[in-house]
Each structure stands twice: as structure tokens, then as C-alpha cells.
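Reader: I have the chain open in a viewer. Walk me through how it is put together, please.

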Amino acid sequence: MDKARFSKKPKKVPARSLDDIPEALRDNRKVTQRRRSKSVTIVGGFIGLGVIGAFALLWFLTNSPPGKVSQSSVTTPTASPTTSDRPSNENVLLGHFAYPEASPKDLQPISRDRQIKLRKAAAQQFRAMSASARASGVTIVPISGFRTVKDQQHLFFDVKAQRGQTATKRAEVSAPPGYSEHHTGYAVDIGDGTPATNLSTKFETTRAYKWLSANAARYSFELSFAKNNRQGVSYEPWHWRYVGNRDSLETFYKAQNLKSRPNP
Ligand SMILES: [Zn+2]
């Protein structure tokens, strides 16, 4: 994602006054007749005003608050929809949003070994969704659900170190601790029981993914990181989040400070 958009510093506007007439005009004044000097001053004044106006416009276009006017609006008066609703940078770290950690007492197991958990409402809907898929001959299995900030600490920093990745590169596929949707207890990574497609974009070719695309919304699950999502996170066809009650909806949409339009 374009981090430059979030870290732009305002440029200083050159202090210009009406006396600041371009060099060429000043030289000109020395050699021309007095009669002409008055009109030159007026013309110079207009040019000076024009220069100030141009600088003011340029400053406005490049220094408006992030999220309101993007770089694309420098060339197009109406910002494109993919950039005009960029979130404010307060809760964003490397393209991920800050999320609170769910309380253990609100979690329920969704896997056979009872190790993978989601928050109660999401867990119930996941089980119903899974049963419905099974009835259609499709297998969907949870790979990962709720994660603590501590779990994410390992996933982000230890794996990053093992792979020798930069923070930016790691953040394309993993959220920093404190910034994962998995902390909320509403997000779940889903597989089809075939390890080869687990946590891989190949998952989009499976029957499980196709079934989810057609039916997950009936159970209030949606894909968090669609292709070319505004967050700039890599496409994750396996990562789904529950948005079926007020708390989950607020958790995700308020955190992102986005308008009601969903991901493209
Ligand atoms: Zn995930």
C-alpha cells in the first residue's frame, strides 16, 4: 500500500509578497523609460498574484488531510472511489487496524479438538454454516480462530525473523500484534481439509471457497481481504470475518473509519 499517503508532511509555502516580482521584470525596469515602468509594475503585480495563487492551489491539493484528498485528485477533480475513503492513520499500523482482544469467557469452540474458538455469536453461525456446507457435500474446516496478542507476537516477529523479512513485507501477510482481526474472536481462517490449499491463494479454486462465496453471507460471514482491498493487505481467500451483530459490525467498520461501501 502507499504508506507515503499517511506520512506526508506539509510543505512550507514560500513567503511571497506583491513585491516579489520575477527577476526578469526587475531587470527590465532598470532599462525602460519611466513612462513604461508603471504598466510593468501592474503587469508584474498580476503575474505575482498568479504565482501566489498557483502555489496556494498546489499547497492545498498536496497537503489536505489524508483520507479526504488523495494524490489522484491532483490530476482529477473528483477523487477515485478506491482512494477517497482511505482510513485515518490513527489506528493503522502497516496497513492493519488496531483491535481489542476478546475475553476468554465469550469464546466457544468451533473445531473438533475444541482448540479453535470464536466469539459466541460467530461460533454458532460458523457451526451452522459448516453443517449446511456438509449437507451440500462440501467440507469447510476452521484452521485458526481467536488469537491472543501474544500468539500474534510469535506469528509476526518470530516468523519474520526466521524468514528474514522486513516489517513491511511481513505485514503484507500477517498483522502486527494488537492489529489482527483474529484478536476480536470474529475472524476465522477456513480450509477445505486439503493441507495444500491451506492459507494459500489456491484456496480460491476449491469447492469450499466457491460454496463460501455463494453462501457465507447467509451466515453473516464476509471476506476481509478481497483482491485489491483498500487496506493494501494481500488477497486472503481463506480469511473470513463475522459481521452479524452490532458489536462485530462496529468492531470492524468503526475501526476502519470507512463509509458503508464494502470492499471492492
Ligand atoms: Zn486470518
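Reader: How many helices and strands does the chain have?
Author: Keep in mind that this is a predicted model. Of the 264 residues, 27% count as buried. As for secondary structure, the chain has 9 helices and 8 strands.

Reader: What percentage of the contacts with a separation of 6 or more is between residues 24 or more positions apart?
Author: Take the contacts in the chain with a separation of 6 or more. The share with residues 24 or more positions apart is 64%.

Reader: Which strands stand at the edges of the open sheet?
Author: The open sheet has 4 strands, in the order β5-β6-β8-β7, with antiparallel pairing. An edge strand has a single partner, so one side of it is left without a neighbour in the sheet. The twist averages 45 degrees from one strand to the next. The edge strands are β5 and β7.

Reader: Which residue in β8 stands opposite Phe221?
Author: Look at β7, residues 221–223. This strand runs antiparallel to β8, and 3 bridges join the two. The residue in β8 opposite Phe221 is Tyr242.

Reader: What angle does the direction of α5 make with that of β8?
Author: Helix α5 spans residues 120–135 and packs on the sheet. It touches β5, β6, β7 and β8. Its direction and that of β8 make about 120 degrees.

Reader: Is Pro142 buried or exposed?
Author: Pro142 is found in strand β5, residues 141–144. Beyond its neighbours within four places in sequence, its contacts include Phe126, Val188 and Ile190. There are 22 other C-beta atoms within 10 Å of Pro142, and the cut-off for burial is 20 or more. So Pro142 is buried.

Reader: How far apart in space are Pro142 and Ser111?
Author: Ser111 is among the residues in contact with Pro142. The two are 31 residues apart in sequence. C-alpha to C-alpha, their distance in space is 6.5 Å.

Reader: Which element supplies the largest share of the largest nonpolar core?
Author: This core has 30 residues; Leu118, Phe126, Ile190, Leu212 and Trp240 touch the most other members. At least two residues each come from α5, β6, α8, β7 and β8. The largest share is 5 residues, and it comes from α5.

Reader: How many residues are in the second, separate core?
Author: Its members include Val92, Phe97, Ala175 and Tyr179. This core is separate, and its residue count is 5.

Reader: Within what arc do the buried residues of α8 fall?
Author: Helix α8 covers residues 207–215, with Ala208, Tyr209 and Leu212 buried. Seen down the axis, these residues line one face of the helix, because they fall within an arc of 95 degrees.

Reader: Which exposed residues are on the face of α8 turned away from its buried side?
Author: Start with the buried side. Its cover includes β6 (187–191) and β8 (239–242). Leu212 touches Ile140, Ile190 and Trp240, leaving out residues up to four places away in sequence. The face turned away carries Lys210, Ser213 and Ala214.

Reader: Why do the buried residues of α9 line one face of the helix?
Author: In α9, residues 246–256, the buried residues are Ser248, Thr251 and Phe252. They line one face because, seen down the axis, they fall within an arc of 75 degrees.

Terms used
Residues are numbered from 1 along each chain as its sequence is written. This is a predicted model: local features need pLDDT of at least 70, side-chain atom pairs count only at pLDDT 80 or more; totals for chains, interfaces and linings use all residues. A residue is buried if 20 or more other C-beta atoms lie within 10 Å of its own, exposed if 12 or fewer, and partly exposed in between; C-beta atoms are placed from the backbone. The arc is that of the directions from the helix axis to the C-beta atoms. Two residues are in contact if their C-beta atoms, placed from the backbone, lie within 7 Å. Two strands pair if DSSP finds at least two bridges between them. Axes are lines fitted to C-alpha atoms, for helices over the stretch in contact, and angles run from 0 to 180 degrees between N-to-C directions. A nonpolar core is a set of buried Ala, Val, Leu, Ile, Met, Phe, Trp, Tyr and Cys residues joined through C-beta atoms within 7 Å.
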